[in-house]
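Subject: Structure handover

Hello,

Here is the structure I promised you. Please open it first, then read my notes alongside.

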Amino acid sequence: MEILDNVKNRVYRFGNKAADGSSEMRNLLGGKGANLAEMSAIGIPVPPGFTITTEVCTEYNLLGKDAVVELIKEDVEKAIENIESLMGAKFGDQENPLLVSVRSGARVSMPGMMDTVLNLGINDEVVLGLAKKTNNEQFAWDSYRRFIQMYGGVVLGMKPESKDDIDPFEEIMEHLKEKRGIQLDTEFTIQDLKDLVYDFKDAVKKRTGHDFPTNPWEQLWGAIMAVFNSWNGDRAVYYRNMHGYPADWGTAVNVQAMVYGNMGNNSGTGVCFTRDAGTGENKFNGEYLINAQGEDVVAGVRTPQQITKIGSERWAELAKIDEVERIANYPSLEELMPDIFDELNGYQQILENHYCDMQDMEFTIQDGKLWILQTRNGKRTGAAMVKIAMDLLKEGLINEQEALLQIEPNKLDELLHPVFDPNALKRAHIIAQGLPASPGAATGKIVFFADEASKYKSSILVRIETSPEDLEGMNIAKGILTARGGMTSHAAVVARGMGKCCVSGAGALKINYKTRTLTVGDHEYHEGDWISLNGSTGNIIEGKVATMEPELSGEFGELMKLSDKYGIMKVRTNADTPKDAKIARNFGADGIGLTRTEHMFFEVDRIKAMREMILADTLKERKQALDELLPMQREDFEGIFEAMEGKSVTIRLLDPPLHEFVPHQLATQKELAEQMHISLQAVKNKVAELEEFNPMLGHRGCRLGNTYPEITEMQTRAIIEAALNLKERGIICKPEIMVPLIGTVKEFEMQEQIIRNTANIIFKERNDSVEYLVGTMIEIPRAALMADRIAERADFFSFGTNDLTQMTFGYSRDDAGKFLPIYIDKGILQVDPFEVLDQEGVGQLVKIGTERGRSTKPQLKVGICGEHGGEPSSVEFCYRTGMNYVSCSPYRVPIARLVSAQAAIKASL
Ligand code: PEP
Ligand code: MG
């Protein structure tokens, strides 16, 4: 094939074992286009076609339709000619017509998010040619009917007008079915299909005011522009925002020769995975339908059959279908078309070996010839992701670094999610069985509409089937249950991608959207009733079932070990209690990076002592309250030190934003008055006195310790005494005392002096000593700028990026929720900076702070303890900044360990 020679290629062709592009060009050709090019080049039989690049999408957004058509017209015409010559057919020809598909394809897979048009190039004349050519009039008119339906919906906007409204084309079909007394689409006669075509076209004319386009070229340009438009459609925008994909990536458009799986019983279509996407087992599996189009498998209207014999047997067992019936009605592809199965099996191995990863492939059998339509790295559950990477490593297909880079950090979360408590499960009443589409456990109240998923704190979205419109609701719901659809249905694929529990294809369920009821046998469930799903077994359970933490697999342990082998930056945890410290240690935390001591006082009886301390009028009163707090703190510190034996534990001095602790309710104020033996009015006065306009910028952090040194004294005593007590028990601990909210050097010096003096007094009292460090948080912009001076005294720095973000942006942490979503919506911000570190802005202060600190003290220990310490992109940034450690919540520790390794590997590439 001759390579296009214009300066900037906008159109890339593929087919017949050759291609202009390759898989390296994913950003330009989109994932789908790059893979089609690559597959064609390695000899996989893909229908010929071409890809219009993502850059053209951006040009379209800037210049509009006419200019873009002008830019690519000649190339597109040439590329269509190329398909024509490879398929031996002609676009728009009445005798020997070529039909094409038009699909979107962004650089990352966005399942169901973008629009597709199939069977393009058909009209009243072409349909006759197609009928003649295929010797199948039924098929030709069915293709025409499908085309108008898809083109009408995608390009001409013929969609339901409201949620309760039915699709306008479906409505016409339902009408006809009723009139004819038939149930299924497959029962339509040729005359029915012809009637539908004309009725559909009338409906288009009525609603849009225009005739349905009959010129194939007009159809093609319309579809190409519709794909570009779909990049900015609601579904795509929501999906992009959810995953943080920028708007300027754009989508490519793939135009490809149509091949047909619905040309009779020697044709079919299916989806297959080279490994099990749910468990990760190395088992080729998938589903297919005879005499069907690709969307029939995904839509879940007909229940697909299994590709392999063993898969089919397992499916029949679950569905309680005996062997005779299975072979008669639900045979596997392996049994029904053994030669095609062997060929497919060969390609799946070639493709997995080529891409070194689990593949998700779509195929079509047209009249006994196998075509591979698409391959991509398969979406998988977190558990499957870990198992597949570790297995591919053991099989020698990838090396250790590649295995680590194959893991999507945030997906590890799924492995750490709850499962059902086995004891609660013993009493569970299983009401029905569906397919185990996406593992995990979910319990919640039934809702039937995606946009009502947030109606309850925990909801289960129950649908006949799901569609991309339901995405937002699926994301909010705890779990998803569908009556129709196989393991590759929309619900299953999307839920797996989200790591959300999903049970699909539960045929025993009767769902009535009008009455908002779910009927199983003779029992009726209503909206708001509790229901539970086991996404790993497919069980549907009545009522609420308690959940518990999952057990981690052997492969997970291997992955974590491997992470630690490559990870240079350490991972600590933020933990405030001995219990959290233990959980974090089990997740592999290498010490504690932040103990928020004020959080130790959130419990009811403790908060009273804390309030007494805050409300104390005199030094004597405050000391009395502090004396009450001392043993509580010491005991907690002992527990934490013990859980982290041998590891560093950073304890931060009190940093209570006062409004979180001051009693505002009358009942609490009364209680406190009694407890402190003062009048209610006195409490009220004190509360009023402590009221601040900006508590986050108020009397908190070291400002408290510097105005009331006795607080710092008490806390130092609790820390040092706890360490000495443990030392007596032979337990080594390494306390690091951290001063919060430093802005000036003096603030730190004063606190440091109190800490060191108090420690020395205790060492004398006890005639014993322990090693300890005194460092500071860098969370005020001024501290980052003054870091060289602060480092003269501080033993370590820990970046408090929560406050640093608050103060650099000037966004109140407590109020940002009101405007941040709007900011993100309007594109003022791409993401929430309290979640993902703003590397560009706040990141500069982190860099400056680190560099200036180390200019004074080259070995200065530097870490991060803001919430960003467990967010993958921020953790990578910390590594690049040269931090010694990140510190994050216990459940994020494994993610941070993995990212630490990935960051080191990426830096070494
Ligand atoms: C921070 O500001 O980043 C931090 C860890 O402290 P806190 O969230 O307790 O203010
Ligand atoms: Mg802070």
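Predicted model: local features only at pLDDT ≥ 70, side-chain atom pairs only at ≥ 80, totals over all residues.

An unreviewed UniProt entry carries the annotation "domain: Pyruvate phosphate dikinase AMP/ATP-binding" for residues 27–61 and 72–395. Look at residues 27–61. This span is 66% helix and 11% strand. Its end C-alpha atoms lie 17 Å apart.

Next, find strand β12, residues 359–366. Is β12 mostly covered or mostly open? Mostly covered: seven of its eight residues are buried, meaning under 20% relative accessible area.

β12 pairs with strand β9 (residues 268–273) in the antiparallel sense, over six bridges. It also pairs with strand β13 (residues 369–377), again antiparallel, over eight bridges.

β12 and β13 form a hairpin, with two residues between them. D367 sits in that turn and has a positive phi of about 45 degrees.

Now the second group. Three strands form an open sheet in the order β21-β22-β23, with antiparallel pairing. Why does the sheet leave sides without a neighbour? β21 (509–512) and β23 (523–526) stand at the edges with a single partner strand each, so one side of each has no neighbour in the sheet. Neighbouring strands here are turned by 25 degrees against each other on average, direction ignored.

Four bridges join β22 (residues 517–520) to β23. In one pair, V520 has H523 of β23 as its bridge partner.

Best wishes

Technical notes. Residues numbered from 1 in each chain as written. Chains lettered and ligands numbered in written order. Heavy atoms only, no water. Pairing = 2+ DSSP bridges. Axes fitted to C-alpha atoms, helices over the stretch in contact; angles between N-to-C directions. UniProt positions renumbered as here; feature names shortened; annotations may be inferred. Buried < 20%, exposed > 50% of the residue type's maximum accessible area, 1.4 Å probe, protein only.
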